[in-house]
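Okay, thanks for having me, everyone.

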Amino acid sequence: MTETIVPTAAALRPVPGAAPEGLYDGAHEHDSCGVAFVARLDGSARHDIVAQALTALHNLDHRGAVGSEENTGDGAGILTQVPDAFLREVLPFDLPERGRYAVGIVFLPGDGQADEVAAQVEEIVRASGLSVLGWREVPVDAGMIGPTALSVMPVMRQLVVAAGQESPDESGLELERRVWLARKRIERRTVAYPVSLSTRTITYKGMLTTDQLPAYFPDLTDERYTSALAVVHSRFSTNTFPSWPLATPTASSRTTARSTR
């Protein structure tokens, strides 16, 4: 038997001053995060998809939140496909073919312990049956972010891993599963926070406003950075104080236990 739920009058009441206009109806207005998705139907990777997604993020500014500092945001982020061609140009080491390596940004402590924690991360990666291909310091421009965000800003490095010696031919979904398990172990056994670690997607995020994201991460405005899809997220915090790891759980592709807490 199907239960019919009849909305109450209060649920249908429009937001004050938001009268229906065209396709817009204030009754559907909510105070929540903003999300947008852009993709090419032909699957070809282009930089204009990233640029359009960042424009969409700019237009979601009203869905984000800031505190007493207008330049410290609750969080903004973008998820794209792994920009294979871009990485081959900027990484200081060679990569296997696409699908045979995983990459992600790792937040490391900004108190001088970054190298020590990075070594712990590498140990976990190897214990998970993977090999560490190398690290890259993520270029950032922190000049525009507020004092609160700046005071807790982590060190950001891209970690690149591939199949280990025990299973050198591992790729695709098998490799993705092994990488995912390594990522969860890193989250739970170290103070590092892997924003993402995947053979397919990568996430850039931070305790930023919508317009600060592309300015903070120059990678995102580089014409060589291409993708066939992009998801952007502007965080509106309702019951948690913003932090770099919690900045944009939606754009991280998976909601973690930390974001739930």
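Let me start inside one helix: R126 and E122 sit 4 residues apart in helix α4 (residues 114-127), so about one helical turn separates them. Helices here are DSSP runs of H or I, at least four residues, strands are E runs of at least two, and both are numbered from the N terminus. The side chains of R126 and E122 form a salt bridge, 3.2 Å from N to O. By salt bridge I mean a side-chain nitrogen of Lys or Arg within 4 Å of a carboxyl oxygen of Asp or Glu.

A quick word on the source: this is a predicted model, where local features need pLDDT of at least 70 and side-chain atom pairs count only at pLDDT 80 or more, while totals for chains, interfaces and linings use all residues. Residues are numbered from 1 along each chain as its sequence is written, and side-chain values use heavy atoms, leaving out hydrogens and water.

Back to our pair: is E122 buried or exposed? E122 is buried, at 19% relative accessible area, and R126 is partly exposed at 47%. The cut-offs are under 20% for buried, over 50% for exposed, and partly exposed in between (1.4 Å probe, protein chains only).

Next, E176 pairs with R200, with the closest N and O atoms 3.9 Å apart. E176 is in helix α6 (residues 172-189) and R200 in the loop between β6 (193-194) and β7 (201-206), so this bridge ties together parts 24 residues apart in sequence. E176 is buried, at 4% relative accessibility.

There's also a network: E89, D222 and R224 are joined by salt bridges that share partners. And how many salt bridges does the structure hold? It's 13.
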